[in-house]
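Biologist: I would like to learn how to read a structure like this one. Could we go through it feature by feature?

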Amino acid sequence: SLFSFSQRSLWHRSVIALLSVTVAWGGREVIGPPGLGMPFLTFFPAAAISAFLGGFWSGMLAATLGVFLATYYYIPPYREFLFQFHFATVLGNLVYLLDEVIICAAMATLHRYHLRVRTQYKELEILVQERTRQVLLLNAELEVSVAKAVAANQAKSLFLANMSHEIRTPMNAILGFTHLLNAARLNTEQQ
């Protein structure tokens with residue numbers, strides 16, 4: 001299912017999320033200062049990549065880490081958490097998280113189908129190899145059968161040629177004697 005942990009361990013998923021968020025944070029620092037705006041610019045693809053590589057929960061962990069880092073470093077007041085309600089900040093974070101839920105679900109599904117296609121491709125490759133092996137064996141058997149049929153045909157031709165000679169020679173003698181007897185004038189006692 002979409003939310004299963006069957007493919008990767010929790011540790012593996014966490015490492016994927018942490019690495020992608022770290023790279024995203026470094027990329028965001030390179031892009032420009034905190035006042036530039038677009039606080040989620042690099043965290044959005046980090047969560048999507050985490051979801052693709054580690055599954056839905058890995059992507060959601062990356063999204064959550066991205067919200068904290070973006071809120072702390074790139075949303076005013078910079079580098080501090082104010083535990084006051086700022087509607088714009090909360091709304092921005094909620095929109096980002098809801099977008100990431102959709103993206104993570106889509107990427108996890110895409111990853112699952114990618115794995116399924118890869119598995120089916122391997123199964124088909126094995127099936128093609130098996131069928132190729134069977135065809136090669138059948139071709140070898142066919143070549144043996146053809147060789148046997150050619151040898152049997154040659155033996156039959158040789159047998160018929162020999163038998164034809166063996167039958168023709170005495171038959172010619174009988175026909176020759178019959179012709180001689182018919183051509184000769186024999187008396188009644190000789191006939």
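Predicted model: local features only at pLDDT ≥ 70, side-chain atom pairs only at ≥ 80, totals over all residues.

Biologist: Is E29 buried, partly exposed or exposed?

Modeller: Relative accessibility is the number to read here. Under 20% is buried and over 50% is exposed, with partly exposed in between. E29 has 38%, so it counts as partly exposed.

Biologist: How far apart are E29 and P45 in sequence and in space?

Modeller: The two residues are separated by 16 residues in sequence, and their C-alpha atoms are 15 Å apart.

Biologist: Which secondary structure elements does the protein chain have, and in what order?

Modeller: The protein chain has four helices and zero strands. Along the sequence the pattern reads α-α-α-α. The radius of gyration is 45 Å, well over the 16 Å that the globule rule gives for 191 residues, so the protein chain is more spread out than a compact globule.

Biologist: What are the spans of the C-alpha trace along its principal axes?

Modeller: They are about 150 × 30 × 25 Å. For a case within the chain, take F56 and N172: they are 116 residues apart in sequence, and 97 Å separate their C-alpha atoms.

Biologist: Where is F56, and is it buried or exposed?

Modeller: F56 belongs to helix α3. Its relative accessibility is 5%, so F56 counts as buried.

Biologist: What should I look for when I search for a core?

Modeller: In soluble globular proteins, nonpolar side chains tend to be buried together. In this model, the largest nonpolar core has 16 residues, and those with the most contacts inside it include V21, F40, A62 and Y96.

Biologist: Which helices each supply at least two residues of this core?

Modeller: They are α1 (10–31), α2 (43–54) and α3 (56–74). Helix α3 gives the largest share, seven residues. There is also a second, separate core of six residues, with A51, M60, C104 and A108 among them.

Biologist: Which residues does F40 touch, if residues up to four places away in sequence are not counted?

Modeller: F40 touches G66, V67, A70, I75, G92, N93 and Y96. Leaving aside neighbours within four places in sequence, N93 is in contact with F40, V67, T71 and I75.

Biologist: Which helix holds N93, and is N93 buried or exposed?

Modeller: N93 lies in helix α4. With 13% relative accessibility, N93 counts as buried.

Biologist: Can we take another residue of that helix?

Modeller: S157 is also found in helix α4, which covers residues 87–183. Its relative accessible area is 39%, so S157 is partly exposed. From S157 to L180 there are 23 residues in sequence and 34 Å in space, C-alpha to C-alpha.

Biologist: What share of the contacts joins residues at least 24 apart?

Modeller: Among contacts between residues at least 6 apart in sequence, the share is 70%.

Biologist: How many positive and negative side chains are there, and what is the accessible surface?

Modeller: The protein chain has 14 positive and 11 negative side chains, and the centres of the two sets are 1 Å apart. Its accessible surface is about 13700 Å², with 70% belonging to carbon and sulfur atoms.

Terms used: Residues numbered from 1 in each chain as written. Heavy atoms only, no water. Rg over C-alpha atoms; globule rule 2.2 N^0.38 Å. Contact = heavy atoms within 4.5 Å. Areas by Shrake-Rupley, 256 points an atom, 1.4 Å probe, with all protein chains shown as cover. Lys, Arg positive; Asp, Glu negative; His and termini not counted. Charge placed at Lys NZ, Arg CZ, Asp CG, Glu CD. Core = buried A, V, L, I, M, F, W, Y, C linked by side-chain atoms within 4.5 Å. Buried < 20%, exposed > 50% of the residue type's maximum accessible area, 1.4 Å probe, protein only.
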